[in-house]
Each structure stands twice: as structure tokens, then as C-alpha cells.
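This report covers a predicted model.

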Amino acid sequence: MINEESEPLNLKKLQSGDTEELTKMVQQYSDPIYRVALRMLNDQAEAEDVLQETFIKALRSLENFEGRSNLSTWLYRIAVNESLMVIRKRKPEISIKQDDAGDEENEGISVSQIVDWCCLPESEFLTNETRGVLADAIQKLPENLRTVFILRDIEGLSIIETAQALELTETNVKTRLLRARMKLREELSVYFGERLTEY
Amino acid sequence: MEKHLHCKEFVDTISSYVDGELSEELCAELDKHLSECDNCRIVVNTLKKTIDIYHQQAEREKVPDDVKERLFYRLNIEQFRK
Ligand SMILES: [Zn+2]
């Protein structure tokens, strides 16, 4: 979710170390990079570290950026990789294993919650409690599904951009996206289904 | 023999359906299924809503000022001037 109105950056200037242009790049991309790190890690201090490391890496390797993908896709990739490194450094029991189901199959998609909670008042979706539930649900996703959902659905990248950022095929992105979305839908349906009984 | 679309097949394509990425023909078939199947309609609507809520929540989220300040301090962009 890069601010559409922001001016395009000049790659030549960036690569020649133009401080004004580099500052603009950091200004434009710090919000999305921080959001991705926070969704990946659910920890503000760790997200701040990832934010800093991402831009340090980016500034150091801008020279080698060949422009085969968008600058934003490239930055997202660095941020996701930095986040994954933080997760790996955590104690093993905290990190969630990859989703075991193969990428090609849609096994393990469960649809057990059939509650229509869309009609809840909008204010229900904005409470701090809901915020916590959303964050917890994302943390329960295996990392390979979490990354896809964050880039595609939270940040609004296209399937192709998500594939480039994560170095996956488009088919893999789609398969993982389906699984991630359905798992989150189940989780939210349990929570909002209960809220529904209070109306 | 008419091929009838079942809920299971619907779920397999639901993600692409929500993204509007299916062929017109398949889309029409799914629309038809949705008009007849309450369960799948609920699943689609709550799936769309799930995506919406996550997206909207993030849209309003900015880096806190102190975090940004520390970022620029740490980066010391001047040092990258060639
Ligand atoms: Zn159905």
C-alpha cells in the first residue's frame, strides 16, 4: 500500500547517493515496511529493528538494484527476509512451522464456520479487541502463508508483484493465498460469530 | 448429463473468484451456484469482509514519530553520498 500520490523516485539519483532523493525514498516506504514487519512479528521493538535493517541493506545495495522488479517490490522482499531472520533467531518453540500441505494441492482447507457476521456494525471491526484478534490470527498462520497474505491482501500488491517479492511462482502465490484467506476467515468467524450473539 | 457445480469446487476457486480473476464463463457458473447456495454465499461474503478488515486497518497505520526519528538517526543518510 504505497501512497499512490507520492512522486515517482529517480533511480539514477538514488544510486548516485543523492541525499534528498534517498530521504524521499525512506519517507515514502517507511510506513509500508514498518507495517509488514509488525504483521510478520507482532512485536514493536522487533519491527523497528527490521525497519532499520531493511533500509540499511537497501541503501548499501541500491547500486546493484537492476530494476527488474519495482523498487517497492525489492524493498518488500528485503523486509520480509529480515523479518524471517528475526523469527528464526527466536526460540524454536515460538516459531510456527511451514504449512505442511504441498503448494499444488488445496488439501486442508476447512470450511466449518458458516456464520454471516458481515452485518455487524462497522464499529465492531475497529475496536482494540478486534485489532488484537486480527493480529493473533495472523500470527497463527505458518510463515509461508503469512508472507503471502500480508503482501497481497494487507499491502495490496498484485499476484505478480507478490510472486516477485517472495520469489515464488504465481501459482504458488495463489494456492497459499487461498489457504491463508480461508484460515483467517475461519478464525474471524469464530470471534465475530460470538459477537453476533450479543446483538 | 449436466455438470453440476458443487460446494467443494466452489471453495477451490473462491480466492480467484473474489479477486475477479476467473473467466466470464466460470464466473457465471459460480454466480449461479451462489444464487442457490446459502452456505457458499456466506463463505464468500465473510471471506471478502475478512480481507477488507485487514486491509482497512492497515491503511490508517503509520510509523510512530519516535520510530521514524530513530530510523533517520540510525541511517545517517549523508554517509551514502558519493
Ligand atoms: Zn455451495
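The contact between the chains involves 55 residues of chain A and 39 residues of chain B, where contact means heavy atoms within 4.5 Å. About 4500 Å² is buried between chain A and chain B, and carbon and sulfur atoms give 63% of this area. Buried area here is the accessible area (1.4 Å probe) that two parts lose on being put together, summed over both.

Nine salt bridges are counted between chain A and chain B. The term requires a side-chain nitrogen of Lys or Arg within 4 Å of a carboxyl oxygen of Asp or Glu. Arg131(A) and Glu61(B) form a salt bridge, with their closest N and O atoms 3.5 Å apart. There are also 17 residue pairs in polar contact between chain A and chain B, both residues at pLDDT 80 or more. A polar contact is a pair of N or O atoms within 3.5 Å; within protein, one must be able to donate a hydrogen and the other to accept it, and residues adjacent in sequence count only if both atoms are side-chain atoms.

On the side of chain A that touches chain B, helices H2 (19-41), H3 (44-61), H5 (128-140), H6 (143-154) and H8 (170-196) of chain A each supply at least two residues. H2(A) gives the most, with eleven residues. Helices (H or I, at least four residues) are DSSP runs, numbered from the N terminus. By class, this side of chain A holds 29 nonpolar, ten polar and 16 charged residues. Ala, Val, Leu, Ile, Met, Phe, Trp, Tyr, Cys and Pro count as nonpolar, Asp, Glu, Lys and Arg as charged, and the others, Gly among them, as polar.

Chain A itself is divided into domain 1 (11-90) and domain 2 (122-196), with bounds from an automatic or database domain assignment. Their C-alpha centres lie 21 Å apart. Each domain of chain A gives 17 residues to the contact between them. The two domains of chain A bury about 1400 Å² between them, 58% of it on carbon and sulfur atoms. Arg39(A), Tyr76(A) and Arg77(A) supply 35% of the area that domain 1 of chain A buries against domain 2 of chain A, more than any other three residues.

One salt bridge is counted between domain 1 and domain 2 of chain A. Six residue pairs are in polar contact across this interface, both residues at pLDDT 80 or more. On the domain 1 side, H2 and H4 (71-89) of chain A each supply at least two residues. H4(A) gives the most to that side, with seven residues.

Val148(A) sits in helix H6 of chain A. Val148(A) has a relative accessible area of 0%, so it counts as buried (under 20%; exposed is over 50%, partly exposed in between; 1.4 Å probe, protein chains only). Beyond its neighbours within four places in sequence, Val148(A) is in contact with residues including Leu166(A), Val173(A) and Leu177(A).

| Residue | Phi | Relative accessible area |
|---|---|---|
| Asn42(A) | near 55° | 38% |
| Asn76(B) | about 40° | 39% |

Asn42(A) lies in the loop between H2 and H3 of chain A. Asn76(B) is in the segment after helix H4 (65-75) of chain B.

Residues are numbered from 1 along each chain as its sequence is written, and chains are lettered from A in the order in which they are written. In this predicted model, local features need pLDDT of at least 70, side-chain atom pairs count only at pLDDT 80 or more, and totals for chains, interfaces and linings use all residues, while side-chain values use heavy atoms, with hydrogens and water left out.
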